[in-house]
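Hi,

Here is the structure I promised to pass on. Have a look, and my notes follow below.

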Amino acid sequence: MSFTDFDEAMMRRALQLADEAAAVGEVPVGAVVVVDGVIVGEGRNRRELDRDPLAHAEVLAVAAASKRLDRWRLFGSTLYVTLEPCFMCAGALVNARVDRLVFGAFDPKAGAVGSLANVCVDSRLNHRLVVESGLLADDCSAVLKAFFRARRTKAKDTP
């Protein structure tokens, strides 16, 4: 797969959002929705802050894009996210009619776009996305590994 400089810039923005999530104790995942070369929605994990199981980066980015564009069908959009979407998020992308998904790191425990399932390309669904994976995968994975390493260390040091 060949990614453009623009793709890389958008994933770097998603990584910035992931860093913001980590800084407040959230699992570091960031997402950006782009239409016609313009960011129309951003999100970072907020489950702990909002006490909301639905507050995943992708869902928040899609909701922000829908609000900004004043439509729920996000035809013509690309979502960039640092981690392979889970079942809920993959379903949201299908339902929002996102055209393209670009993600960084695979999620072998919960990923639904290649790891455990292939929701975004399932021919039984009414919409399918172009899926491209592995953009800045090492950087995306490193943010997650550092976050969970720090969390384990903190838990080990707590009496």
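Predicted model: local features only at pLDDT ≥ 70, side-chain atom pairs only at ≥ 80, totals over all residues.

Residues are numbered from 1 along each chain as its sequence is written, and side-chain values use heavy atoms, leaving out hydrogens and water.

On the fold, the elements run α-β-β-α-α-β-α-β-β-α from the N terminus (DSSP runs: helices are H or I, at least four residues; strands are E, at least two). The radius of gyration is 15 Å, close to the 15 Å from the globule rule for 159 residues, so the chain is as compact as a globular protein of that length (C-alpha atoms; the rule is 2.2 Å times the number of residues to the power 0.38). Buried residues (under 20% relative accessible area, 1.4 Å probe, protein chains only; exposed is over 50%, partly exposed in between) make up 45% of the chain.

Now the aromatics: there are two pairs (Phe, Tyr or Trp ring centres within 6.5 Å, using the six-membered ring of Trp; planes under 30 degrees apart are stacked, over 60 edge-to-face, the rest tilted). Phe103 and Phe106 have ring centres 5.0 Å apart and planes at 85 degrees, so they are edge-to-face. Phe103 is buried at 0%, whereas Phe106 is partly exposed at 45%. Phe147 and Phe148 are edge-to-face too, with centres 5.1 Å apart and planes at 85 degrees. Here Phe147 is buried at 11% and Phe148 partly exposed at 31%.

Cheers
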